[in-house]
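Subject: Structure handover

Hi there,

Here is the structure I promised to pass on. Please have a look at it first, and then read my notes below.

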Amino acid sequence: MFDQDRVNSRHGGGGVQSSEQANVDRRERLRKLALETVDLNKDPYFMRNHLGTYECKLCLTLHNTEGNYLAHTQGKRHQQNLARRAFKEARDAPIAPAATRYVEKRHTIKIGRPGYKVTKSRDAATSQRCLLFEVDYPEADDASQPRHRFMSAYEQRVEPPDKAYQYLLFACEPYETIGFKIPNHDVDKDQGRFFTNWDVVGKKFTLSLQFDDDAKPAPAQAASAGRHRADLTYEARY
């Protein structure tokens with residue numbers, strides 16, 4: 001029976017191609033394309049066994065020729081297995097630590113402790129306890145800016161920790177850092193109750209703070225506070 005006698009075929013033509021013939025033709029085109037573009041020596045899943053045939057180590061399939069293996073690599077099964085393997089490797093890969101930036105420590109020769117003055121008072125309107133710190137840095141450079149920070153009693157290593165107190169530190173190069181031991185009470189940082197100022201001309205750093213007292217102290221408490229004023233201005237070196 002000739003192909004030209006098939007339905008929908010023209011006289012003298014090759015006839016209508018069947019689905020089986022179309023699949024064979026498609027695999028042959030894929031094989032030729034893969035032979036031109038793929039280097040089997042770089043394929044980690046390509047292996048030739050002792051029988052002279054070829055195996056796919058990813059899909060565990062057996063192939064008679066290299067072309068048949070290459071056609072297999074272009075198929076749906078092999079591509080799905082490649083996607084699963086890539087997902088598994090990405091999931092199991094350790095997370096690389098973030099690159100840390102190295103900051104070189106500055107080595108500055110210290111010239112001693114700065115002079116300071118501490119003034120204690122109470123706010124006339126709210127009766128809140130106030131502390132005014134004035135620290136002199138006459139030898140500081142014009143580009144220097146004094147810094148301050150509050151430190152917990154458990155951060156320092158000079159004295160046994162006491163949760164009733166905290167420390168207020170002042171630092172400015174080339175002077176040593178000094179610290180003041182103050183009550184461990186909340187500091188009122190509302191506008192006008194906490195401020196800092198650096199006098200570039202006079203080389204004086206000023207910090208004023210007020211404690212956030214919820215209630216006005218009773219007269220007896222106010223009298224006892226006068227006997228313990230030294231506790232507010234204990235100075236520690238670090």
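Let me start with the aromatic rings: Tyr116, Phe133, Phe170, Phe180 and Phe205 are linked into a cluster by ring pairs. By pair I mean Phe, Tyr or Trp rings (the six-membered ring for Trp) with centres within 6.5 Å; planes under 30 degrees apart are stacked, over 60 edge-to-face, and the rest tilted.

Before going on, please note that this is a predicted model, in which local features need pLDDT of at least 70 and side-chain atom pairs count only at pLDDT 80 or more, while totals for chains, interfaces and linings use all residues. Residues are numbered from 1 along each chain as its sequence is written, and side-chain values use heavy atoms, leaving out hydrogens and water.

Over the whole structure, the search finds 10 aromatic pairs. One of them is Phe46 with Tyr69, a tilted pair at 4.8 Å centre to centre and 55° between the planes. This pair links distant parts of the chain, since Phe46 is in strand S1 and Tyr69 in helix H2, 23 residues apart. (Helices, H or I of at least four residues, and strands, E of at least two, are DSSP runs numbered from the N terminus.) Phe46 is buried at 18% relative accessible area, and Tyr69 is buried at 0%; buried means under 20%, exposed over 50%, and partly exposed in between, with a 1.4 Å probe and protein chains only.

Phe150 and Phe194 make another tilted pair, with 6.4 Å between centres and 40° between planes. Phe150 lies in strand S6 and Phe194 in the loop between S9 and S10, so the pair ties together parts that are 44 residues apart in sequence. Phe150 counts as partly exposed, at 23%. Lys189 also lies over the face of Phe194, 5.3 Å from the ring centre. Here a charge sits over a ring if NZ of Lys or CZ of Arg is within 6 Å of the ring centre and within 35 degrees of the ring normal.

Now the strands. S7 (residues 165-171) and S8 run antiparallel and are joined by 6 bridges; two strands pair if DSSP finds at least two bridges between them. A hairpin of 6 residues connects S7 to S8, and Tyr167 has Lys181 as its bridge partner. The charged end of Lys181 sits over the ring of Tyr165, 4.6 Å from its centre. In S8 (residues 178-183), 6 of 6 residues are buried, including Ile182 at 0%. S10 and S11 also run antiparallel, with 5 bridges, and Trp198 stands opposite Phe205.

What about the core? The largest nonpolar core has 18 residues, and Phe133, Tyr137, Leu168, Phe170, Leu207 and Leu209 have the most contacts inside it. Such a core is a set of buried Ala, Val, Leu, Ile, Met, Phe, Trp, Tyr and Cys residues joined through side-chain atoms within 4.5 Å. S5, S7, S8 and S11 each give two or more residues to this core, and the largest share, 4 residues, comes from S11. A second, separate core of 10 residues includes Ala34, Leu40, Phe46 and Leu58.

Finally, how many disulfides does the structure hold? There are 0, where a disulfide is a pair of cysteine sulfur atoms within 2.5 Å. Cys56 is in none, and its nearest cysteine sulfur, that of Cys59, is 3.9 Å away.

Best wishes
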